[in-house]
Every structure is written in C-alpha cells, then in structure tokens.
Amino acid sequence: MINYNKPYLTGKEAHYMYDAVYSGKISGNGKYTQLCQTFFEEKYGFKKCLLTTSCTDALEMAALLFEVQPGDEIIVPSYTFVSTANPFIMRGAKLIFADSSPTNPNIDVTKLESLITKNTKVIVPVHYAGISCDMDAIMSLAHKYKLWVVEDAAQAIDNYYINNKGEKRPLGSIGHLGTFSFHETKNIISGEGGMLAINDSNLIKRAEIIWEKGTNRASFFRGEVNKYGWVDVGSSFLPSEIVSSFLWAQLESMEMIQLRRKEIWNLYFNGLYDWGLKTNVRLPEIPDYSTNNGHIFYLVCPSLQFRTKLIETLKKQGIMSVFHYISLHSSDFFANKHDGRELNYSDLYTNNLLRLPLFFELRNEEIFKIIETITSNKYF
Ligand SMILES: *Cc1c(COP(=O)(O)O)cnc(C)c1O
C-alpha cells in the first residue's frame, strides 16, 4: 500500500518539544518561536515573520490588517482551498473569483484587470503546487489600482519567482503580506501551523498587536512600554512553544527534505513524459519565471472519465492518488452567490487534475512501480 502522503519526522521533534515543555515556558512567542521567525527572516528576507496556528489564521490576520469590510471586493482564484476565501467573506467582503490559467491552476493574469472595479481592495494569488504566479504582472496591477496583495504561499515554502531581469525573489516576499502553512500535508510541518510574512514595514506594528489579541504585549516584552493593554482589535493567533519547537526540528532539516522532494518530482516527470505525450495527459508545466519546490506532482487528464479510470488502476495496485479542489464558485456554500461567470479552467482542474503520492520517505522502487502501473495500462 502506498499512501498519498506520509508526514516525515526528522527525529529531533520530540527532543525539542521535551526541551520546550521542561523549560517552563510553553505558551507562545518564546525561544522556539523566535528561532523559527528569525530563520525565515534571515533566509528569505521577509521584513517580519509571525508564527500562527495555521495558514488560515495568517490569512485572517491579513484581512484584519487590510481592514477588509462590507463593500470591499476581494479577487481570489476559484481553484483553491477554502481558507483563501473564508477570512475575507467572514469580514463581509464580496468574493470575485478569478479563473485559472490554461497552462496551470494559478490565476490567469491576462484576465485579471477585467475583474478590478472601484471596490476592489485585495488580490490573493495562490501559488498552486508551490509554482509561482506571474508576480510582476500582479504587482504592477496592484500598483496601478492601489490594491493590497497577500500571497497565499501555503504550498510555496522555499520557492522563488524569477523576474525578467533574472532576479530570484522568495515566494511570500513579493506581496505586502505572504502566508505559509505547516499542516502535515505540506513540505515542512508542525501538525497544524502557519506563518504570516510581513513585507510592508508599515504593517509590522499592527500585525504584532493583532497577533497578541489586540494588546501591545510583544512590545512590552521587548521593554519598549512599561505596561500592556488593549490597543486594537485582535485575536489569539500565536502557536504554543510546543508547536514551534516541533517546527524548529523540521526547519533544521529543510534543505534535505526539499532536495529529496524535488528528486521524486523529477523521477515522475522523466518517467511519465513520453506517456503524457502519447495519451494527451499534461504534466505540470513550470513557467520560466518559477523555480520548483517539489510540493505536488500532478497530472491533468484529458477527461474526468480518464481520471476516474486512472485512480482505479492505481488503487488496484494499492497506490493512493487523489484529485484536489472543487472550484469554490461551484461549491455548495458559494454556488448561489457566484456572479454566474463561467470559469472554464477552474472547472477543468476540478474534473481532470490528479495528484500522485509525494512524500520524503517515498522510495525509488515505489516511484518506479507507480510509473510502471500508469504507463503499462492498456486502457490509456
Ligand atoms: C493548506 C492550504 C491552506 C490552509 O493551510 P492551514 O495551515 O491548514 O490553515 C490555505 N491555502 C492553501 C492554498 C493551502 O494549500
């Protein structure tokens, strides 16, 4: 039996958790929280990082920081996880769903400008499978219309956008804010967990306050004020040290984890390339402006029927493959609120996209078995 995912443990997690537990400080914003936040700030140049209990939480912080309110319009892809949308609709905003690009599930930037109105406040690009959106195109529209941008980089840890001058910029560092997830299905994990990266320095002070339940507790602990109290709205967004100590063990092994995931991704790509051409199955296409972080290896099948057959074929050999999102514009919750525009590519990925097993401990023999099972089947 080959599962779709298996959370990887480096072996140090319990050690650091033990240290956190017996240090006498297990609430948030202690030693391990600081270690993790500094790691990200130094490695990727984010101006300020705040660990959160999930990427969903980090997006909720973004909605508060941008002061999203009824009447605002927020542009999000339809082919994404609910957490890209929920934080904004919870503040009473109107969601405007963008279609995916013909070449990959990311927002189609060629149609983005037509979605902008005088009420638009925020664009939320999602880097699906960790693959970068066309960030220069998005940021220049944001600049032109004075919009906020929060990158949903939940899947995009340690990946980069390359601009037309050849400069590499870490995903999550380009928008005003970036959000990350450490859910057990992601590359780097802490069970549940996330992070807000703040790139616009004007937002840092308020972000810390919102993070600490609307109080100036963080600046009190730095000795900047001599008492702390209620200064703004906020909630409890910070994880305990038990969670951040787990995350620290993962971050120490990040390079090794990323290398192996990319290796697995490349084995799939090379092993399925000819079969893809023959059967009209599209393999992931990485644009020139993106690097790869080996988060998801997906196939875009020629039809829903083809995908169903492929899932069954793999399952007979004990291999679990999984499709992904049901487009939000056609979800039970949103279908009757959608403005009726057809989003053909979102629908295409909803029906035809399939993900193959990809996790650190997946062995080469298993990868070859998966490739063989796919390519040797007569049906295709
Ligand atoms: C996983 C994921 C989220 C949610 O992350 P949590 O940490 O589980 O809240 C949000 N957006 C995208 C694109 C994701 O893949």
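User: Which helices and strands are included in what covers the buried residues of helix 6?
Analyst: This is a predicted model, in which local features need pLDDT of at least 70 and side-chain atom pairs pLDDT 80 or more, while totals for chains, interfaces and linings use all residues. Residues are numbered from 1 along each chain as its sequence is written, and side-chain values use heavy atoms, leaving out hydrogens and water. Helices (H or I, at least four residues) and strands (E, at least two) are DSSP runs numbered from the N terminus, and contact means heavy atoms within 4.5 Å. The cover includes helix 2 (31–44), strand 1 (48–52), helix 3 (55–65), strand 9 (194–198) and helix 7 (217–221).

User: How many residues of helix 6 are buried?
Analyst: Buried means under 20% relative accessible area with a 1.4 Å probe, protein chains only, and Ile204, Ala207, Glu208, Ile209, Ile210 and Trp211 are the buried residues of helix 6. Helix 6 (residues 204–211) is largely enclosed by the rest of the structure because the buried count is 6 of the 8.

User: At roughly what angle do the axes of helix 1 and helix 8 cross?
Analyst: Axes are lines fitted to C-alpha atoms, for helices over the stretch in contact, with angles from 0 to 180 degrees between N-to-C directions. The axes of helix 1 (residues 13–22) and helix 8 (residues 241–252) come within 8 Å, crossing at roughly 145°.

User: How many disulfides does the count come to?
Analyst: A disulfide is a pair of cysteine sulfur atoms within 2.5 Å. Cys36 is buried, at 0% relative accessible area, and its sulfur lies 10 Å from the closest cysteine sulfur, that of Cys49, which is too far for a bond. By this rule the count of disulfides is 0.

Methods
Buried < 20%, exposed > 50% of the residue type's maximum accessible area, 1.4 Å probe, protein only.
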